[in-house]
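Here are my notes on the structure you sent. They are meant to be read with the sequence and the model side by side.

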Amino acid sequence: LKLPAVIHLEMSFCNIRYVHANAFRYLRNLQHLDMHYNSISSLPAGVFNHTQKTLWTLDLSHNRLTANSTSGLLFRNKQQILGLTLSNNRLVEIDESLFETIT
């Protein structure tokens with residue numbers, strides 16, 4: 001998608017199973033991303049790197065994420081996330097390094 005003006009993207013209840021590594025590459029002004037109630041089981045590393053300066057809220061609740069599938073949440077640089085929702089996934093534990101780049 002080449003939609004640089006999009007700031008809010010709602011993709012809930014879409015039966016999404018896979019997120020491509022470059023899915024958000026051209027959404028550089030994205031502030032709010034809601035992908036709850038899908039079937040996402042993993043996130044590719046760096047999937048949110050192109051939104052790292054603008055993304056404020058991210059809702060991935062009610063998916064199939066596990067502790068081994070959250071590497072896509074690791075941001076390259078300091079990221080200011082105001083809201084991160086991961087409830088109702090298959091997370092038993094979360095590596096503390098996930099939060100090292102979130103301010």
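This is a predicted model: local features need pLDDT of at least 70, side-chain atom pairs count only at pLDDT 80 or more; totals for chains, interfaces and linings use all residues.

1. Lysine 2 is exposed, since its relative accessible area is 62% and the cut-off for exposed is over 50%.

2. Together with Arg25, Arg28 and Lys53, Lys2 makes up a patch of positive charge on the surface.

3. Glu93, Asp95, Glu96 and Glu100 form a negative surface patch. One of these, glutamate 93, is found in the segment after β4 (83-85). Glutamate 93 has a relative accessible area of 58%, so it counts as exposed, the cut-off being over 50%.

4. Next, the overall layout. How many helices and how many strands are there in the chain? There are zero helices and four strands, and reading along the sequence gives the pattern β-β-β-β.

5. Some totals for the chain. It has 103 residues, and 42% of them count as buried. The accessible surface is about 6,000 Å², with 51% of that belonging to carbon and sulfur atoms. Taking contacts between residues at least 6 apart in sequence, 67% join residues at least 24 apart.

6. Threonine 70 lies in the loop between β3 (57-59) and β4. Is threonine 70 buried or exposed? Its relative accessibility is 11%, and because buried means under 20%, threonine 70 counts as buried. Setting aside residues up to four places away in sequence, threonine 70 touches Leu91 and Leu98.

7. Aspartate 95 is 25 residues from threonine 70 in sequence, and the C-alpha to C-alpha distance between the two is 9.1 Å. Asp95 is one of the residues that form the negative surface patch, whereas threonine 70 is buried.

8. Serine 39 is in the loop between β2 (32-34) and β3. With a relative accessible area of 12%, serine 39 is buried. Which residues is serine 39 in contact with, leaving aside its neighbours within four places in sequence? They are Asn15, Ile16, Arg17, Asn63 and Arg64.

9. Most residues other than glycine have a negative phi. Tyrosine 37 has a phi near 55°, a positive value, and is not a glycine. Histidine 62, also not a glycine, has a positive phi of about 60°.

10. Where do these two residues lie? Tyrosine 37 is in the loop between β2 and β3, and histidine 62 is in the loop between β3 and β4. Tyrosine 37 counts as partly exposed at 39% relative accessibility. Histidine 62 is at 24%, so it too counts as partly exposed, because that class runs between the 20% and 50% cut-offs.

Conventions: Residues are numbered from 1 along each chain as its sequence is written. Side-chain values use heavy atoms; hydrogens and water are left out. Patches are made of residues with over 30% relative accessible area and no salt bridge: like charges are joined within 9 Å, nonpolar side chains (Val, Leu, Ile, Met, Phe, Trp, Tyr) within 5 Å. Accessible areas come from the Shrake-Rupley method with a 1.4 Å probe; for residues, only the protein chains shown count as cover. A salt bridge is a side-chain nitrogen of Lys or Arg within 4 Å of a carboxyl oxygen of Asp or Glu. Lys and Arg count as positive and Asp and Glu as negative; His and the chain ends are not counted. The place of a charge is taken as NZ of Lys, CZ of Arg, CG of Asp or CD of Glu. Helices (H or I, at least four residues) and strands (E, at least two) are DSSP runs, numbered from the N terminus. Buried means under 20% relative accessible area, exposed over 50%, partly exposed in between (1.4 Å probe, protein chains only). Contact means heavy atoms within 4.5 Å.
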